[in-house]
Amino acid sequence: MDRTNNSNHDVPFSYVSLPIGPHEDEAPVESRGKWKARPVVFCGLLVLVSLVAFNGYKGSNGNITTLTSNEDLKQKTIPSHKWKPVSRGVSAGVSEKSNRLFTKSNNIGGMLFPWNNTMLAWQRTAFHFQPEENWMNDPNGPLYYKGWYHFFYQYNPNGAFWGDIVWGHAVSRDLIHWIHLPLAMVADEWYDQNGVWTGSATILPNGDIIMLYTGATDALVQVQNLAYPADLSDPLLIDWIKYPKNPVLVPPPEIEVYDFRDPTTAWLTSQGKWRISIGSKMNKTGIALVYDTKDFKTFERIEGILHAVPKTGMWECVDFFPVSTKLDIGLDTSARGDDVKYVMKVSLDDDRHDYYALGTYDENGVDFVPDDTNKDVGTGLRYDYGVFYASKTFYDQSKERRVLWSWIGESDSEDADVAKGWASLMGIPRTIVFDKKTGSNLLQWPVEEVERLRMKRCKFHNEKVMPGSVVLLNIGSASQLDIEAEFNIDKKDIEKIKQTNEEYNCETSGGAANRGALGPFGLLVLADEGLSEYTPIYFYVVKGSNGNLKTSFCSDQSRSSLATDVDKSIFGSTVPVLEGEKLSLRILVDHSIVESFAQGGRTCVTSRVYPTTAIYENAQLFLFNNATEATVTASLNVWHMNSAFINDKQVKLKS
Amino acid sequence: MTNFKPLALTIIFCFFVSSHCTIIIPKNNNGNLIQQTCKQTPNYEICIQYLKSDPRSSDADITGLALIMVDIIKSKANTTLNKINQLIKKKQEPSQKEALNSCAGRYKAILVADVPKSVAALKQGDPKFAEDGANDAAVEATTCENGFKGKSPLSNENIAMHDVAAITAAIVKQLL
């Protein structure tokens, strides 16, 4: 298979390669037999192992040259053509709103990439929540009850695309290992006949569980309905009852009947009433309506709105919760006090992104005021700069933490989704805390339970990566990984660089192919050895006009796959890096999802990646440094991740 | 006095023209909505042509116009799929056959997934899924076209599908 579109392509085995059998230029599927001959991976040993791996490059006679000193560490420079996209997919230059649409682009000589079952089967994740088959979207009503984490979700039982929506249900002891249960709610009433849509749970002090959810009625009106468990003594909460007098809320007269959905978890007011918010819009201004209730059966519309921001469009999946400014724990949704700030979060229908703002909440005035009006709800910070939508938090009272769930959609074609029989994932649940160091953003981090999946660890210490080079990390197959890495740029390099007015924007940057003085550098995930497919996760540092460094963190899908029908955007944002901090990242690789976190979760990027070649044993991990001036030193821990065996459990319940 | 002649003539001319203008205004008073909607799509003329060819457009709101376009996606997908199936039956080079089979899958996906979800999304009031459906239809058509090594026997159909899908997505966008 021709891996490049350049006629004088460099011999691929000039790269530092694994000490395996003779490398041959053949299609990866056929080369699987050869990979079996590979010696056992030297994992768990320290510097010596990495030296051996990096130095063991192969000549054509099959000998491995083992070198022992750092000076002999041969890093490969990567020919520039390897950085340019081979095939135009959906490119970064197209705005995200229309990013699935591209003009009849260069026909690359009839390169057909029919998705075969091998490629498609690889895409399923090992430790991310997903049903056995079919379509999923928004997370619904997450809660912790009697020792079990409950998770509900928008589900289509009939196909791998949105439609016929009902509530799926699953339970877990640890947010990682899930057991699928029967559907919690289906569309069997007139008030949810056209959709049992998104909702949230409220746990009352007496232990009652309230579920408020949106129904699309038989007349296609969006209403809010009440449901509750049939039997609170059942910790699995299998059966649910819909309140016979539903709906409990209908659209107010000034709101369109199709702009009224996704009720929040309720919080207690100082009057002792329960308060909820529901997102909507007036013309193009996104708004959050407010209702009070004592019993969740009758509601009182509160005058005014919790917040509004012009030009943001419809606010879906509103979430509103307090965070502690002093402690690294979560707070109950009703908490209040001096050391408390509020987070208002919305999902913007217009651009499919989740935004949040930190601010203060005036209960009497029913007013959320953002700390920074330049970074208001819908115009400022995002939870995640990649594929991440309809997210929702809940308070986990068992561990005193606030946990965030999010829907991660597909970035491939419907044809592939139908062929593989499923679509969508949930991100790994994340804890949310206030970033005390910056004071102006949240920190998100995968829940600690995911670390229980870590198996053998490969450690690399102070690997120097020269400008313009790529280093294969000898860790074995790389489809299920947890990576923690730190990077340091040589101070001398930073000092001698000129200041610049450059404003780096991941999305329009052209990705890791475009070299700057101090970036990009980072890791290539889901990369095949010949680098025909790879996904750079990287930092890009700019020395600004006052000598200050500004750092961006990006995930570049432009060369993630040879397929032409997948999204190839570049995602990312700037990330605050404080004085004295090293650049640090964490990446969870789980087949077709990559979740990346910079600086402890200040900036997060989730991507969907669909390689055709860099799959199974061919998926590898590289360090890279494509900066022109900076030498970068990297230290990493790479863990292989076990499966969570989510879809292996069949729960048979007596009917 | 001679000065007034041109003015008088002008005034008379204006009355004449304006009275004609009232005759020229079309009876269909939804034409304005169709025009406004189509102006915000990538191809105004094709948009107008498709919408006006469907009698339901005369009293449709934007959601209704979007549904009309989705219907057009559906009928074009059906026609194209029939043509693909006819072509597959004929003797073909292996690579051509492979491309045709792939195209069949793509157009089936439009019919099985994109169209139903777009219709449901528009009717039930969560239009973003219809935007996704329309965008995907364009991707399927373009990917089908790019799969042919030699000349594509489906260029007209693929280009048409792409254009219709792009217009549909742009109309749905106005609902968000």
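Author: Read along its sequence, chain B follows the pattern α-α-α-α-α-α-α, which comes to 7 helices and 0 strands. Please keep in mind that this is a predicted model. Of the 176 residues in chain B, 49% are buried, and among its contacts with a separation of 6 or more, 68% are between residues 24 or more positions apart.

Reader: Why is the pair of Phe152(A) and Trp167(A) called tilted?

Author: The ring centres of Phe152(A) and Trp167(A) lie 5.5 Å apart and their planes are at 45°. Rings pair if their centres lie within 6.5 Å, and planes under 30 degrees apart would count as stacked and over 60 as edge-to-face, so the rest are tilted. Phe152(A) belongs to strand 3 (residues 148-156) and Trp167(A) to strand 4 (residues 166-172) of chain A, so the definition of strands as DSSP runs places this pair in two numbered elements, 15 residues apart. A search of the whole structure finds 38 aromatic pairs over all chains.

Reader: How do you know that Phe152(A) counts as buried?

Author: The relative accessibility of Phe152(A) is 0%, and buried means under 20%, so Phe152(A) counts as buried. Trp167(A), with a relative accessible area of 1%, is buried as well.

Reader: What makes the pair of Trp162(A) and Trp197(A) tilted, and what parts does it tie together?

Author: The ring centres of Trp162(A) and Trp197(A) are 6.2 Å apart and their planes stand at 45°, so this pair is tilted. Because Trp162(A) lies in the loop between strand 3 and strand 4 of chain A, whereas Trp197(A) lies in strand 6 (residues 196-203), the pair ties together parts that are 35 residues apart in sequence. Trp162(A) is buried at a relative accessible area of 1%, and Trp197(A) is buried at 3%.

Reader: How do you know that Asp192(A) and Lys242(A) form a salt bridge?

Author: The closest N and O atoms of Asp192(A) and Lys242(A) are 2.6 Å apart, and the rule asks for a side-chain nitrogen of Lys or Arg within 4 Å of a carboxyl oxygen of Asp or Glu. Asp192(A) is buried, with a relative accessible area of 0%, and Lys242(A) counts as buried at 13%.

Reader: Why is Glu300(A) called partly exposed?

Author: Its relative accessible area is 39%, and partly exposed is the range between buried, under 20%, and exposed, over 50%. Lys273(A) is partly exposed too, at 22%. Glu300(A) and Lys273(A) form a salt bridge, with the closest N and O atoms 3.4 Å apart.

Reader: What makes the contact of Glu157(B) and Lys83(B) a link between distant parts of the chain?

Author: The side chains of Glu157(B) and Lys83(B) meet in a salt bridge (3.0 Å, N to O). Glu157(B) lies in helix 7 (residues 155-173) and Lys83(B) in helix 4 of chain B, 74 residues apart. Lys83(B) is partly exposed, with a relative accessible area of 31%.

Reader: Which residues have the most contacts inside the largest nonpolar core?

Author: They are Phe129(A), Trp178(A), Leu51(B) and Tyr107(B), in a core of 81 residues. Helix 4 (residues 62-89) of chain B gives the most to this core, with 12 residues. A second, separate core of 69 residues includes Tyr356(A), Val387(A), Phe460(A) and Ile537(A).

Reader: How much area do chain B and chain A bury between them?

Author: They bury about 3400 Å², 56% of it on carbon and sulfur atoms, with 39 residues of chain B in contact with 39 residues of chain A. The rule finds 7 salt bridges across this interface. Lys128(B) and Glu316(A) meet in a salt bridge (2.9 Å, N to O), and both belong to a network of salt bridges that also links Arg261(A), Asp349(A) and Asp126(B).

Terms used:
Residues numbered from 1 in each chain as written. Chains lettered and ligands numbered in written order. Predicted model: local features only at pLDDT ≥ 70, side-chain atom pairs only at ≥ 80, totals over all residues. Heavy atoms only, no water. Phe/Tyr/Trp six-rings, centres within 6.5 Å; stacked < 30°, edge-to-face > 60°. Helix = DSSP H or I, 4+ residues; strand = E, 2+ residues; numbered from the N terminus. Buried < 20%, exposed > 50% of the residue type's maximum accessible area, 1.4 Å probe, protein only. Core = buried A, V, L, I, M, F, W, Y, C linked by side-chain atoms within 4.5 Å. Contact = heavy atoms within 4.5 Å. Buried area = accessible area lost by both parts, 1.4 Å probe.
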